[in-house]
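Have the coordinates open while you read.

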Amino acid sequence: MVTPVKESAIEVRRITDYTWEIPRTGDMRVPGRLYADKETVRELLGDYEEKKVGGFTPALRQVANVACLPGIVKASLAMADIHPGYGFCIGGVGAFDIEDGVISVAGVGFDINCGVRVLKTPLTREDIEPIKETLANQLFRDVPSGVGSTGEIRLKEAEIDELLVKGSRFVIERGFGLDEDLEYTEENGAVKDARPENVSHHAKERQFKQVGTLGSGNHYLEVQWVEEIFDEPAARAYGIERGQVVIAIHCGSRALGHQIGTDYLKILEEASRKYGIPIRDRELVCAPINSEEGRRYLTAVNCGINCAFANRQAISHLTRMAFARVTATRPEEIRLLYDVAHNTCKIEDHDINGEVKRLLVHRKGATRAFGPGRKEVPAAYRGVGQPLLVGGTMGTVSYILRGTEKGMEDCFGSAVHGAGRAMSRVQAKRRWRGTDIILELKEKGIIIRSRSKAGVAEEAPGAYKDVDRVVEIMHNAGVNRKVARVRPLVCIKG
Amino acid sequence: MPYSYLEHISDVGIRAEAETLDGAFESGAEAMLNLIFDLSTITVTEDITFGVEAGDLALTFVETLNEILFIIDRHSLALTKLKAVQIKQTDGGYLFTGTVLGEPFDLEKHTVKTEVKAATYSGLSYKESEGKHVFECVLDV
């Protein structure tokens, strides 16, 4: 059983209009820190009071629970898209000392390296408007999506092992992509120290026909146009301009990642007891990074990360080919802007009180957002900082942001990952019908294709927080900066 | 209905109850399968029997749901039902054996709703009171 730890009341203190703190009390080893406006804090406190008895853990309590884990450094953080997750809140960031810290399944999530990549086309909105129905049909036909969908690439177990080590490169070597795609993918499309022997046969068996599939839920492929540029120098560095058509792909490591999460939840549950780690929530089970169980999980997560990079790479290829079929664009003219991950834990060096420390940074529904000058950022972007791709909903807008120096100092170079849900899926399905949403968006000029009408209702724009507000909070806090806003033309829902 | 859905903002909570432990496992499985498929579109032509073991009943319940998710992907099946075979106490906890029923997945025939990524330990509980066995847990969707 998990060791009970003393509960304490939650207090949230204002530091600035956009930064708030949960002071250290009880068993918290560090304070909690939120990026939020007054209204968000009011909502979170409301949830805290109401749901205390509802069986689920409110997001503020989750931030405080993470602050109690051994080896946590500086603060337990929550980005502006904070909402309750399992164990960690969504939008949660926790950095742990590599020597005496822990690794947690809940800090990564089941969809390991779920992320977003954005491809730049040489086309403008005017080029796409007249053909968007045809383009939507082509993309829907060519990019497998939805529950039970399978991809063109079928792998044997030995090939899966190779994919888990090589990530995007495995897919590019088979002709599905450009070499330069690697330069513009976080970690160049593969993290090191990925050990397939620590991934179960169950996980590999679930994956062998899912490479190059979108999946379902909140995953999507969107054709968008750049509506507004906020930061000209950064937009120039990223190679985007007003009116340009871009493509966003949001998906993750599919069933392989889910199974790694499932397998290690059980392993780390046993490890928590073995190492006597006090835990407030069963989902927060963890192991010392330096233990056998911790190392095995980390190297398995690395496989999941590489699997997701490979998956987005395969989908990029299918997308380029679909565009080439219905527009006058050659596949190689569609270039990768960047690929970011938002469900990961990674070993990173950070400056803590003037000293460089090696940390394991968990980002659960949060994106890495390195500022200018970091060696991990591609050379072409190093002057302005890493691009961040923040997904909105199918009816609203998405953003391209950049990392900042302040973000490096304040929150380990992290960012929001999306709008964040405001309403449960059950509630959304009660309120909307998928077919109505599709018609409504069509009137707004947005073409939706999906195998699941219920899925469309669950993902209705009204079920999410206002992405503009979420982005504004991060921008005003200075930890992320707005570069461009994009609007959807076509959305293929998983 | 032997199961119901609980409000959870990002995921879906399920509550499964029955007079027997077998029944509560079966209800939990149906609650999950009903999120993934329109069960009325599935006929039964295949069955697969499996076993899972975990430290306590609540953990065994989660393991069972996760094993069903594995079977759906691994064998490309549309499943409609779980039949419990037996629940046995072991040295390490509990062993659940069950059979899932369904047919090969067919995009044309089956209506799919939502992908469930995993059953989690979040909001996980097992209670036995007034002759009812009740499980609750949050599914990551």
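Predicted model: local features only at pLDDT ≥ 70, side-chain atom pairs only at ≥ 80, totals over all residues.

**The largest pocket**

The largest pocket holds about 660 Å³ of space. Its lining is made up of 24 residues, and if you want to find the centre, the closest ones are A:Glu187, A:Val191, A:Lys192, A:Ile347 and A:Glu376. Two elements of chain A, helix H11 (292-326) and strand E12 (343-352), each give two or more residues to the lining. Which of the elements gives the largest share of the lining? That would be E12(A), with five residues. Sorted by class, the pocket lining has 13 charged residues, along with eight nonpolar and three polar.

**The cavities**

Searching the whole structure turns up seven cavities of 30 Å³ or more. The largest cavity has a volume of about 540 Å³. It is lined by 35 residues, and those nearest its centre are A:Asn218, A:His250, A:His417, A:Arg425 and A:Tyr464. The class breakdown for the largest cavity is 15 polar, ten nonpolar and ten charged residues.

Two packed helices are described by the angle between their axes and the distance between the axes. Here are the pairs in brief:

| Helix pair | Angle | Axis distance | Crossing |
|---|---|---|---|
| H10(A) and H11(A) | about 165° | 10 Å | left-handed |
| H4(A) and H11(A) | roughly 145° | within 9 Å | right-handed |
| H1(B) and H2(B) | roughly 40° | within 10 Å | right-handed |

Start with helix H10 (residues 254-274) of chain A, which packs against H11(A) at an angle of about 165°. That angle makes H10(A) roughly antiparallel to H11(A). On the H10(A) side, the contact is made by A:Arg254, A:Leu256, A:Ile260, A:Tyr264, A:Ile267, A:Leu268, A:Ala271 and A:Lys274. H11(A) answers with A:Glu293, A:Arg296, A:Tyr297, A:Ala300, A:Cys303, A:Gly304, A:Cys307 and A:Asn311. In class terms, the contact has ten nonpolar, two polar and four charged residues.

H11(A) also packs with helix H4 (residues 132-142) of chain A, and the two axes come within 9 Å. Which residues make the contact of H4(A) with H11(A)? From H4(A) you get A:Thr134, A:Leu135, A:Gln138, A:Leu139 and A:Asp142. The partners on H11(A) are A:Leu318, A:Thr319, A:Ala322, A:Phe323, A:Arg325 and A:Val326. Six of the residues in the contact of H4(A) with H11(A) are nonpolar, three are polar and two are charged.

Over in chain B, helix H1 (residues 21-36) and helix H2 (residues 57-75) cross at roughly 40°. H1(B) and H2(B) are therefore oblique to each other. The contact residues of H1(B) are B:Leu21, B:Ala24, B:Phe25, B:Gly28, B:Ala29, B:Met32, B:Leu33 and B:Ile36. Facing them on H2(B) are B:Leu57, B:Thr60, B:Phe61, B:Thr64, B:Leu65, B:Ile68, B:Leu69 and B:Ile72.

Methods: Residues numbered from 1 in each chain as written. Chains lettered and ligands numbered in written order. Heavy atoms only, no water. 1 Å grid on protein atoms, 1.4 Å probe; cavity = no way out; pocket = protein on both sides within 12 Å on 5 of 7 lines; lining within 4 Å. Points joined across faces, edges and corners; volume = space filled by probe spheres on them. Helix = DSSP H or I, 4+ residues; strand = E, 2+ residues; numbered from the N terminus. Nonpolar A, V, L, I, M, F, W, Y, C, P; charged D, E, K, R; others polar. Axes fitted to C-alpha atoms, helices over the stretch in contact; angles between N-to-C directions. Parallel < 35°, antiparallel > 145°, perpendicular 65-115°, else oblique. Left-handed = near helix turned anticlockwise from the far one by under 90°. Contact = heavy atoms within 4.5 Å.
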